[in-house]
Amino acid sequence: MKTNLLISIFLLLGLSSCKISNSSSFNTNSSISNSTIQEEKNNNIDVIILTGQSNAEGHTWNNELFKNVEKTQAKQYIDGYDNVKIRFNCNNGLNYCKDFQSVKLGYGLSTNQFGPEIGIAEYLNDVHEFLNNDVYIIKYAVGGTSLYSDWRSPSSSTNNTQIGKLYTNLINYIDESIDLLKKQDLVPSIKAICFMQGESDSTSIGSSVYEELEDNFIKDIKNHIETTQNEIV
């Protein structure tokens, strides 16, 4: 039975942040006992989709993160967060992984750079004992792109404007990743979508229709997920 899809979609201009929906799967109430949570854990997983241009892709150098952190924390960034997995494709496929793996540094524009997945994983790792499900991130991002052309969704396409190539790639990547999770006997539930857009739409033409394109982008992704994924809430 198809259930209601709860998606938090953040379309931010040049900001790197992501909000997780108010699902009980992300309940961090410390009054919940660890034993109860462990008993409830099963093959259900929560999924965050991370997409957009440079701020989603990740252009910060890895070594910048080591300047003001303890050695144990730096080691965690390098070794990875085992309870937060990611499958990513950045820089038009020049930096990517085929299967899900632990979140760590090097999943940005290049293997020497990182994106918002580090902050997301660090927080989720801190509250992991209070979560009902493990969290998986599906990341597809390309810097220097625009919502006006590259990410244009079907509802914004006309006789003169085509569906953006990156929108099509994103949809295919989401479907492919969800299928991969199901083949691992996991039950994915998409909880949030983070879309991070920047200055590429700050032209006179792009900015004049940005709100319309943004609304259509949200609607089209939501409709696609509701249509193709019956087991998400």
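Biologist: How many helices and strands does the protein chain have?

Modeller: This is a predicted model, in which local features need pLDDT of at least 70 and side-chain atom pairs count only at pLDDT 80 or more, while totals for chains, interfaces and linings use all residues. Residues are numbered from 1 along each chain as its sequence is written, and side-chain values use heavy atoms, with hydrogens and water left out. Helices (H or I, at least four residues) and strands (E, at least two) are DSSP runs, numbered from the N terminus. On that basis the secondary structure of the protein chain comes to seven helices and nine strands.

Biologist: What share of the residues in the protein chain is buried?

Modeller: Buried means under 20% relative accessible area, exposed over 50%, and partly exposed in between, with a 1.4 Å probe and protein chains only. Of the 233 residues in the protein chain, the buried share is 49%.

Biologist: Among contacts between residues at least 6 apart in sequence, what percentage join residues at least 24 apart?

Modeller: A contact here means heavy atoms within 4.5 Å. Among contacts in the protein chain that join residues at least 6 apart in sequence, the part that links residues at least 24 apart is 76%.

Biologist: Which backbone atoms lie 3.1 Å and 3.3 Å from polar atoms of the side chain of Asn 62?

Modeller: Asn 62 lies in the loop between strand 3 (60-61) and helix 3 (71-79), and at 12% relative accessibility Asn 62 counts as buried. Leaving aside neighbours within four places in sequence, Asn 62 is in contact with residues including Leu 105, Gly 106 and Phe 114. A polar atom of the Asn 62 side chain lies 3.1 Å from the backbone oxygen of Thr 111, and one lies 3.3 Å from the backbone nitrogen of Gln 113.

Biologist: What is the phi of Asn 92, and what is that of Asp 185?

Modeller: Most residues other than glycine have a negative phi. Asn 92 is exposed, with a relative accessible area of 56%, in the loop between strand 4 (81-90) and strand 5 (95-96), whereas Asp 185, exposed at 57%, lies in the loop between helix 5 (165-183) and strand 9 (187-197). Although neither is a glycine, both have a positive phi, that of Asn 92 being about 55 degrees and that of Asp 185 about 60 degrees.

Biologist: Within what arc do the buried residues of helix 4 fall?

Modeller: In helix 4 (residues 117-126), the buried residues are Glu 117, Ile 118, Ile 120, Ala 121 and Leu 124. The arc is that of the directions from the helix axis to the C-beta atoms. Seen down the axis of helix 4, its buried residues line one face of the helix, because they fall within an arc of 160 degrees.

How values were computed
A polar contact is a pair of N or O atoms within 3.5 Å; within protein, one must be able to donate a hydrogen and the other to accept it, and residues adjacent in sequence count only if both atoms are side-chain atoms.
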